[in-house]
Amino acid sequence: MIKKLIAVVLVCMLALVSVACSSGSKTPSSDANENTSSNNESESTPSENGSSEGESSGDPAFMKFPKPVDVHIGMSVSPVDKTLPPGDSAQDNQYTRYLRENFNINVIVDWTAAEGENYNQKVSLAIASGDLPDGLVVNDRTYMVRAAKSGLLYDITDLFEKYASKQVKEIMASTQGRAMENASYNGRMVSLPNITVDTDGIYVMMIRKDWLDKLNLPVPKTLSDIEKTAKAFIENKMAGENTIGIVGPDKNGRPYSTFLLSSNNRFGFDPVFQAMDAYPGYWLDDGTGKVVYGTLTENTKKTLELLARWYKEGIIDPELGTRDSSAEVVNANQAGIFFGPWWSIGYGNGDSFKNDPNANWQAYPVYSDDGKWNVRMKTVGTTYTLISKKASEDVAKAIIIMNNVLVRDESVFDTSVAISWYPLRNVMAPADECEYEYKELWKILRGEADPEDYNIPGNPYKLMYSDAKAIKNVVKPADPNSEMLNVQDFDQTDFGKFQRFYSLLIGNRPYATITPDKKVYSVTYNQTETMERKWANLQKLEDEAILKIILGQEPISSFDEFVEKWKAQGGDEITAEVQAEYDKKK
Amino acid sequence: MVRDRTFWSRAFDVANIVILGLITLSCLYPLWYTFCLSISNKSAANAGLVTFYPIGFSLVSYKEIVSDIKFFNSFWISIQRTILGTGISLLVGIMMAYPLSKSKEEFRARDIIMWVLIFCMLFNGGLIPWYITVRNYGLLDTIWALVLAGGLPIFNTILIMNFFRSLPKDIEEAAVIDGAGPWRILFGIVVPCSIPVIATITLFVGVYHWNEFFHGLVLMSDATKYPLQTYIQQLVVSIPTNTSLTPDQYKRLSELSNQSLNAAKVFIAMIPMLIVYPFLQRYFVAGIMLGAIKE
Amino acid sequence: MKGKRGNVEKHYYLMVLPGLVWLFLFSIVPMVGIVMAFQDYNPGLGIFGSEWIGLENFRYLMQLDDSKQVIINTLIISSGKIVLNLLVPLIFALLLNEVTQLQYKKLVQTIVYLPHFISWVIMASIVINIFGYRGAINTIRSWFGLEPRLFMADPSIFRQLVIGTDVWKSFGFNAVIFLAALTSINPNLYEAATIDGANRWQKTRYVTLPELKPTIVLLGVLGLGNILNAGFDQVYNLYNPLVYSTGDILDTWIYRLGLTNLQFSLATAAGLFKSVVSFVLITISYVLAYKFADYKIF
């Protein structure tokens with residue numbers, strides 16, 4: 001009897017299976033998708049023939065496809081962007097129309113997600129389900145490696161050689177092959193790398209000069225100067241009861257940048273570590289060819305001791321590590337000092353000037369006690385454009401061309417629509433772009449050069465010309481012979497331009513005008529085999545140990561325990577791996 | 001019952017009322033706080049100065065919301081999802097619960113199905129296979145993904161079943177003698193007798209669908225298809241700095257954090273729940289027993 | 001007679017059919033993914049093409065310091081919640097039961113349900129603000145001359161915070177079941193106690209509590225099945241890297257393992273581990289409830 005019952009149930013279940021299977025494969029929308037994709041393929045075959053004809057007529061890097069090529073992409077968007085005109089969308093805006101009209105590239109946005117964590121989640125899902133859109137920008141090399149390892153990526157080695165523009169190749173070459181190395185997996189190029197300016201990884205001190213002037217204090221140079229200055233800010237209640245001396249990282253920030261996340265670490269303590277000749281998070285050559293992990297060194301420990309004391313004495317923001325956003329404190333003008341890359345003032349704190357147009361933020365290097373400016377150097381770039389293996393050759397070409405177009409034309413676009421709406425935007429800039437612009441812009445301000453001098457088509461310094469034309473309307477130096485600008489020297493009417501020039505001319509002044517005494521590179525900026533499994537765990541161990549010491553939740557003596565644990569849980573193994581790779585390179 | 005009138009007894013009454021009053025206030029605070037934040041001015045809200053009362057009264061946030069099509073769009077999606085999801089879950093759940101409330105002798109597959117349910121409640125293949133499955137059904141980006149992909153609400157079905165089991169048998173028996181079939185018994189007798197539990201489960205499922213944010217994030221391809229909680233989540237979630245954003249992205253992020261506006265959206269998102277639940281509340285006491293405690 | 005029964009039964013099958021279809025499509029089909037736990041899953045090759053590695057994933061999970069810590073955290077948080085979500089609503093119900101002003105009683109009862117209906121997405125942002133450096137709690141502390149404290153950053157207090165806020169959010173709702181049970185106590189018992197000269201405390205102690213005992217036992221047993229559910233929505237929205245050491249629970253860990261660290265197979269293995277343990281516990285609670293409370297949970 002019971003057996004019979006089970007049989008009935010099984011029959012029912014089987015019936016369900018068939019129902020489910022048929023509904024699984026025959027839903028109208030998936031059919032539709034299949035149809036369109038097969039259409040694409042049938043379309044692309046003739047167009048390939050056509051494209052070879054088109055190539056002969058001009059530069060293949062900017063060729064117009066004879067027939068429209070559909071490029072499916074995933075895209076990160078800002079949930080609160082207001083620059084897109086009504087009626088426009090991620091898929092249909094001035095940038096996508098430009099691509100369609102001039103290159104016959106038809107961008108189709110498969111999905112979007114809010115930039116940051118939500119976008120990363122979508123990317124993870126896309127990789128995990130083996131279902132990448134034709135093109136996708138990922139925020140971290142881990143995603144690229146994972147996708148490449150799973151065989152999901154298009155090998156663009158040959159296509160890139162043929163279709164990348166001269167400008168793009170020049171920028172790639174300016175990194176001495178490091179960009180190509182990053183973009184490759186097992187010796188084949190499987191992604192378009194991101195190349196950002198070096199100064200994104202140069203951390204300097206941002207300080208309220210107007211507060212210094214009010215208190216009649218000099219610009220602090222060393223760590224003990226900074227300590228005294230921050231104390232003075234707090235004691236004199238420069239921003240009322242809640243004045244914060246030094247802002248620290250928020251809950252998603254890091255106390256220092258690392259070999260994997262080496263740039264744009266705003267609100268970290270990197271300059272403090274560097275002034276102590278400590279480079280935590282980097283793989284270092286100890287001078288004898290032996291690789292050590294920078295966090296484990298004695299200098300790191302000493303710096304942590306100092307930071308813990310600062311925290312205890314209330315010099316550092318007491319809400320360090322728990323704030324949703326440290327930028328809010330800066331924008332509310334509650335703080336006097338923080339550390340960050342060049343764009344942290346100007347681009348990074350627009351509301352600060354809106355709340356107080358006279359907030360005179362200035363940038364300076366932090367020196368060691370013997371007067372040295374040590375800096376750590378970042379990796380080439382951190383984001384990657386992936387091209388799906390399932391994409392047709394034309395689509396892969398189209399994505400390479402889209403990148404060429406962005407690099408060539410970014411400066412001529414009307415950027416009242418945020419440039420982040422450009423599909424598959426992945427920045428490629430010459431490493432010294434900011435320093436170059438700094439020098440040239442000053443030439444214009446001093447009247448030594450004319451904006452039209454920079455009207456050079458195909459210039460890798462792509463924003464130079466448009467900046468050159470705008471600079472005189474925004475910056476009106478009281479004394480053109482001194483490069484010390486104050487906030488009062490700027491016209492804030494065109495706020496976007498104001499922010500850009502503030503970052504370029506003040507935020508980047510230290511790196512553009514002072515040569516660092518020591519530049520420290522990490523032995524590697526990429527993960528080794530074992531790291532792929534074990535690094536997340538070690539990183540967590542490190543983050544916890546370091547933050548607890550700074551916050552005084554653990555005594556400094558716990559540092560040695562951390563080192564032991566780190567080594568035991570795979571650190572030693574990984575160090576040996578990095579050493580082996582390092583030896584191979586030498 | 002005669003109450004004792006000793007001093008301590010009265011002192012206890014007073015203390016009790018005060019303590020309960022404080023507890024009650026603490027439960028009102030989130031609502032009050034959100035409201036205060038939403039009508040405070042932006043810079044006071046962002047600087048974290050608002051705690052117990054609004055600072056710098058301003059209705060700008062609400063004015064801004066009125067013109068925010070995306071917000072109302074998400075609101076509408078959430079309403080659709082909640083109505084469809086609750087309706088379907090209840091109908092299917094009730095139909096499933098009734099046979100399961102029968103004994104093994106009356107419905108022989110009962111125990112097997114029950115264990116299948118329990119098994120499915122606890123085991124799952126994880127996020128990725130689930131996502132692939134939903135994608136293969138072609139449900140991504142449809143309201144049905146939000147309504148159906150969460151699966152049969154097993155726990156609630158078991159609650160309904162337990163309630164059905166506790167109903168007196170004689171009502172049904174009388175109906176059987178009158179010649180009523182199982183469908184008529186279920187919808188004509190059992191369901192009307194179970195209004196309290198059904199109201200309670202309606203509320204459970206409704207609250208779930210209204211408050212759920214994760215599925216929207218995973219299954220919808222862009223923000224115009226997000227339900228309200230997902231829409232809010234992407235606003236209040238902080239942006240990690242360890243993903244490398246470009247300076248202009250940072251620029252926008254630091255400009256646009258607006259606690260007051262977010263609070264206004266959160267406040268509006270809470271309103272439907274506040275409107276609906278007093279109506280269903282009177283059924284709780286009966287409903288939540290769910291036949292859980294047998295007399 | 002037998003034929004008629006079979007006839008009715010046919011309708012029963014029809015009734016459960018839609019539910020079973022739903023279950024099959026969205027619960028059983030994705031369960032194929034469980035095999036990932038025994039593979040080195042490669043998205044390019046898919047579930048059916050990836051390499052089988054037996055129990056390797058589980059072995060590696062056992063080695064991790066994290067996994068032990070995460071299980072400990074989960075157990076502490078969930079057992080704290082189970083116990084307090086029983087005790088606090090019970091005490092609250094008893095206190096409320098002593099209130100004689102019916103209007104007040106009703107008002108209190110209505111309002112305390114409120115937090116239960118607010119999602120953790122929203123509630124977490126409020127909780128973070130309340131416990132923030134300048135939040136309500138620190139403001140109140142300052143009235144008593146106490147130094148402000150960083151609650152959200154303090155691993156030594158995070159678990160208590162998670163348990164506490166959860167209990168606070170749901171005690172009103174959880175009290176309903178006790179209030180219901182209280183109304184069903186025979187008033188004669190109280191009258192008899194009054195005649196015996198019992199005061200209020202004694203009545204509570206010797207009449208009310210014994211009458212509630214089955215309910216308490218039952219709820220306790222039912223809670224057992226939840227011992228590995230420490231509340232994903234809550235912790236996910238509340239925690240930050242500073243409190244991972246005490247606040248990270250199985251569900252959040254599995255989530256990060258899969259979607260942040262892209263360790264798909266490890267995440268599946270950890271999820272499977274959790275399911276198996278939960279299944280065992282539910283079975284135990286089924287047996288216990290049946291044995292001691294003579295109650296069939298399902």
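What percentage of the contacts in chain C with a separation of 6 or more is accounted for by residues 24 or more positions apart? In this predicted model, the share for chain C is 63%. The secondary structure of chain C consists of 13 helices and 2 strands. The radius of gyration of this chain is 24 Å, well over the 19 Å that the globule rule gives for 298 residues, and chain C is therefore more spread out than a compact globule. The C-alpha trace of chain C extends over about 80 × 75 × 30 Å along its principal axes. Of the 298 residues in chain C, 57% are buried. An accessible surface of about 12700 Å² was computed for chain C, and carbon and sulfur atoms contribute 65% of that area.

The mean pLDDT of chain B is 83, with 86% of its residues at 70 or more.

In chain A, strand β1 spans residues 69–77. Because 8 of the 9 residues of this strand are buried, β1 of chain A is largely enclosed by the rest of the structure. Helix α3 of chain A, formed by residues 94–103, belongs with β1 and β2 of chain A to a β-α-β unit. The handedness of this unit in chain A is right-handed.

A loop position in chain A was also characterised. Residue A:N236 is located in the loop between α10 (223–235) and β8 (244–246) of chain A. With a relative accessible area of 44%, A:N236 is partly exposed, since this value lies between the cut-offs of 20% for buried and 50% for exposed residues. A:N236 and A:W211 are 25 residues apart along the chain, and a distance of 9.8 Å separates their C-alpha atoms.

Technical notes:
Residues are numbered from 1 along each chain as its sequence is written. Chains are lettered from A and ligands numbered from 1 in the order in which they are written. This is a predicted model: local features need pLDDT of at least 70, side-chain atom pairs count only at pLDDT 80 or more; totals for chains, interfaces and linings use all residues. Side-chain values use heavy atoms; hydrogens and water are left out. Buried means under 20% relative accessible area, exposed over 50%, partly exposed in between (1.4 Å probe, protein chains only). Helices (H or I, at least four residues) and strands (E, at least two) are DSSP runs, numbered from the N terminus. A crossover is right-handed if, with the strands pointing away from the viewer, the path from the first strand over the helix to the second runs clockwise. The radius of gyration is taken over C-alpha atoms; the globule rule is 2.2 Å times the number of residues to the power 0.38. Contact means heavy atoms within 4.5 Å. Accessible areas come from the Shrake-Rupley method with a 1.4 Å probe; for residues, only the protein chains shown count as cover. pLDDT is the predictor's confidence in each residue, from 0 to 100.
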